[in-house]
Amino acid sequence: MTNQSRQPARHSHGGNLRGLSALSGLPQSELLDFSANINPLGPPDWLRPLIESRISDLVHYPDPDATELVQALASLHGLSVDQVLVGNGATELLHLLPRALGCSSLLLPVPSYADYEEPARLSGLVIEQFFLSPDSGFVLDPTGLVPFLKPAQLVLLGQPNNPTGRTFDAEALREIALQHPATLFVVDESFIGFTDASQSLQQNRLDNILILTSLTKLYAIPGLRLGYLTGAAGHIQQLKNYLPNWTVNSLAQAVGVRAVQDADYLQHSRSFVTKQRESLVTRLSSLPGLTVYPAEANFLLLRLDHPNMDAGLLAELSLQQGIALRVCSNFSGLDQRYFRVAVRTEAEQQRLYGVLQNILVPSRPRTVRRQTPAIMFQGTGSNAGKSILTAALCRILKQDGHDVAPFKAQNMSLNSFVTRQGGEMGRAQVLQAQACRLDPDVRMNPVLLKPNSETGSQVILCGKAIGTTHFKDYAEQRTEIFKTVQRCYDELSAEHQIMVLEGAGSPAEVNLKANDIVNMRMAQYAGAPVLLVGDIDRGGVFASFVGTMEVLSEAERAMVAGFVINRFRGDARLLGDALEYTRFHTNKPVLGTIPYLHNLGLPEEDSVSFKQGLLAVGAKDTQLLDIAVLDLPHISNFTDLDPLGLEPDVGLRIVRSVTELGQPDALILPGSKNTLADLVWLQQTGLAASIRELAQAGQAEIIGICGGFQLLGQRISDPHAIESGAGEQQGLGLLPISTVMAEEKTTLQTRCCHLPSGCLLSGYEIHHGITTAEGIEALITGQDGRLLGAGSANALIWGSYLHGLFDADPFRRWLLDRLRQRKGWQSDGIIRTSYDLEPALDRLADTVRNSLDLREIYRLLRL
């Protein structure tokens, strides 16, 4: 026990990022702060929308009595409202205590929170310190205080204590307080929310006990400032007399009311902190020279016993590597060996451990692998251009000499591809792999969902179909599926230097966020800063940026590095005011404005653009071959048509109704993920009858690809309900073939020969159907002799299972010349267009390179 009469300098605290940044020379964004004891989960998701909804209240003075908040706190603890006082943080209330309650001395177990001393010193109280022993782990035995207790004395205790993180026996203190009614006990329970609260003194509180609670630590709102006291009504009134009006602002009051009602967040915080604290203790205990003291709060006290280093030097060396520690030598009862670390997330604690290990054991070989640099494109909505920009950045990085790979955790698309190994994956990741000059790998797209109804989808996991599921059922399986996604990412990222990730849809879909495995959850796992892409051609792009950010949680907002404006037409200099507006509202920069790129010549990820009619609907140039494409409701692999669209003598158009069909030179029935359902649609719209009439007229060539090939036949049956429950139906009857849907799916790359032209073709097959021909010769055969295509005797009606059918330049020109000859037009056999994606990828990369802030992107990638 000591009396203290010195006048110490004002106590320093952890969490001063501005000061730490100046000291380290590192930007605040690159610092990992273990010096402040804030909830590692960050603020609750409701914080931002709640504050926004109350901004209009700022035109009025706040309620000076904080009536609603006081009522909520009184209800929470089973008290009357005159037993509760709220303040602008616990510190303000601490400064009221010695002035308002007439105490003459302060008894303080140490080490403890240093701001306990300053209010007493300023009020002229005699400060007596009771030293806790390191031999007992700095645990307070309340009975040890008894010999030093006296009337008009203030005893200030932390429960749990800061910086030790230990609690004391609450019942023992109740008994002591009962025996010493002239002594006032103030118990600071600011960290009690991180414990099981079994040692809280809020229940059965005696009149000479006041309980101080800060909400800023538990709810991660230290910048907002909010705390409260509970005690006897007489004490509360004495304190209130010293408190100015309006110390608690309107926003803090509203947040407090919501906070005390959020039991789920409290429980989640307790569970998370307990698990992370145990993990941190295990890691740090393995380092030589470190003593880790047991704790019950969201921080740990440590002692460093090192022959050449104290905690101050350790903190300096750690700060140089971006880790901020809290040195505890200015706590009474602790010396230069002690420091404190906060409990944080697993990835952050791994980084702390690695830095401390490097400093304390520099000679020990380390097997910890540095996380592969990664960056991610997400969108304000579907079809914002994420896929193309991902491909562009992949090609840019490849051009700059980096080994880069693409990744998309989950894709929902009917546009798929088959790898050399027979695995099925999204077509967009195939293009991105080509941009990286890599072979497509199903690990680049571990999950592919192929919708076959409004509510159901076939699930492709690591390249293989695992069944069809309802979207609701799939959501319940995502926890296990995400483990597979993580494994694929870990394997792929270990093999490459840089990862470029793509999200899906929008991260702001509030109805889907809970089960997200492709947007922010994946970005967090990969440690990837996010570039949010918006399509300005649709309109409202700046509102989309601001609105998306407002829907994100604080942790998600922190992952967003900036915005990319896509498909801009005009002079980008005219966007100046809008860019400043966006930055002002989000505190995030626009890192690029990509011009509208016409005729990219690259495959689209899904059918959004196709469905929006980027092919002409009904329009026809009489100087061009008129090739019509049926827009089936479940159209799949529509990119089969891309090569035809590049030909200068072809007019490609979409047909959705009988009136749009007309008299084309060729009609293409594309692939379908639900052939039987699309057959019903053809019949209901009258298109089935019109197609038969077109065939009878003998003027148009009718071509079916995969599902379209099946539609041309006599019968289609699905006995196992692979695609639908429609059973068996009559087809269009234009070819003598029949198809049965088999449970086993065919997925393979194929080389074959088109017999009439002699052209060699290569592509891939994706189908459940097994098709047999009756009295018809094969038109296209595989190397194993399987039927891959068949046609009518007059060669006007034919089809094939081969996707990529039109990719081969010689065959495509042969087919178009045959159409020209049928019209009486000249044909010369000269190939006019080469379907080669390499030049298109390089053109794309050149444009995007000139439009993105690559210096900042390289910085984000730590390159």
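Start your tour by selecting Asn383, which sits in the loop between strand S15 (374-379) and helix H12 (386-399). Helices (H or I, at least four residues) and strands (E, at least two) are DSSP runs, numbered from the N terminus. Asn383 has a positive phi of about 60°, although it is not a glycine. Is Asn383 buried or exposed? Asn383 is buried, with a relative accessible area of 12%. Here buried means under 20% relative accessible area, exposed means over 50%, and partly exposed is in between (1.4 Å probe, protein chains only).

Before moving on, a word on what you are looking at. Residues are numbered from 1 along each chain as its sequence is written, and side-chain values use heavy atoms, with hydrogens and water left out. This is a predicted model, in which local features need pLDDT of at least 70 and side-chain atom pairs count only at pLDDT 80 or more, while totals for chains, interfaces and linings use all residues.

**Colour by confidence**

Now colour the chain by pLDDT, the predictor's confidence in each residue, from 0 to 100. The protein chain averages 91, and 95% of the residues score at least 70. Then select residues 5-11, where the pLDDT is below 50. Beyond near neighbours in sequence, this stretch has ten contacts in the model, a contact being heavy atoms within 4.5 Å.

**Another positive phi**

Next, go to Arg862, in the segment after helix H27 (854-860). Its phi is near 60°, a positive value in a residue other than glycine. Arg862 counts as partly exposed, at 42% relative accessibility.

**Two cis peptide bonds**

Zoom in on Val110 and Pro111: the peptide bond from Val110 to Pro111 is cis, with omega near 5°. Pro111 belongs to the loop between strand S4 (105-110) and helix H5 (117-122). Then move to Gln159 and Pro160, whose peptide bond is also cis, with omega near 0°. You will find Pro160 in the loop between strand S6 (153-158) and helix H6 (170-179).

**An open sheet**

Switch to a cartoon view and look for the open sheet that four strands form in the order S10-S11-S14-S13, with antiparallel pairing. Two strands pair if DSSP finds at least two bridges between them. Which strands are at the edges? They are strand S10 (290-292) and strand S13 (326-327), each of which pairs on one side only. Three bridges join S10 to strand S11 (residues 299-304), and these two run antiparallel. To see where they face each other, select Thr291, which stands opposite Arg303 in S11.

**A helix with a buried face**

Your next selection is helix H23 (residues 687-697), where Leu687, Ala688, Ser690, Ile691, Leu694 and Ala695 are buried. Turn the view to look down the axis of H23: its buried residues fall within an arc of 165°, so they line one face of the helix. That arc is taken from the directions from the helix axis to the C-beta atoms. On the other side of H23, Glu693 and Gln696 are exposed.

**Salt bridges**

How many salt bridges does a search of the whole structure find? The search finds 45, counting a side-chain nitrogen of Lys or Arg within 4 Å of a carboxyl oxygen of Asp or Glu. Let's visit some of them.

Select Arg443 and Asp441, which form a salt bridge whose closest N and O atoms are 2.8 Å apart. Arg443 counts as buried, at 16% relative accessibility.

Now try Arg487 and Glu491, where the closest N and O atoms of the salt bridge are 3.4 Å apart. The two residues are four apart in helix H14 (residues 471-494), so about one helical turn separates them. Arg487 is partly exposed at 40% relative accessibility, and Glu491 is partly exposed too, at 32%.

For the last stop, select Arg813 and Asp649, whose side chains meet in a salt bridge (3.1 Å, N to O). Arg813 lies in helix H25 (residues 809-822) and Asp649 in the loop between helix H20 (642-645) and strand S30 (650-655), so the pair ties together parts that are 164 residues apart in sequence. Arg813 is buried, with a relative accessible area of 2%, and Asp649 is buried as well, at 7%.
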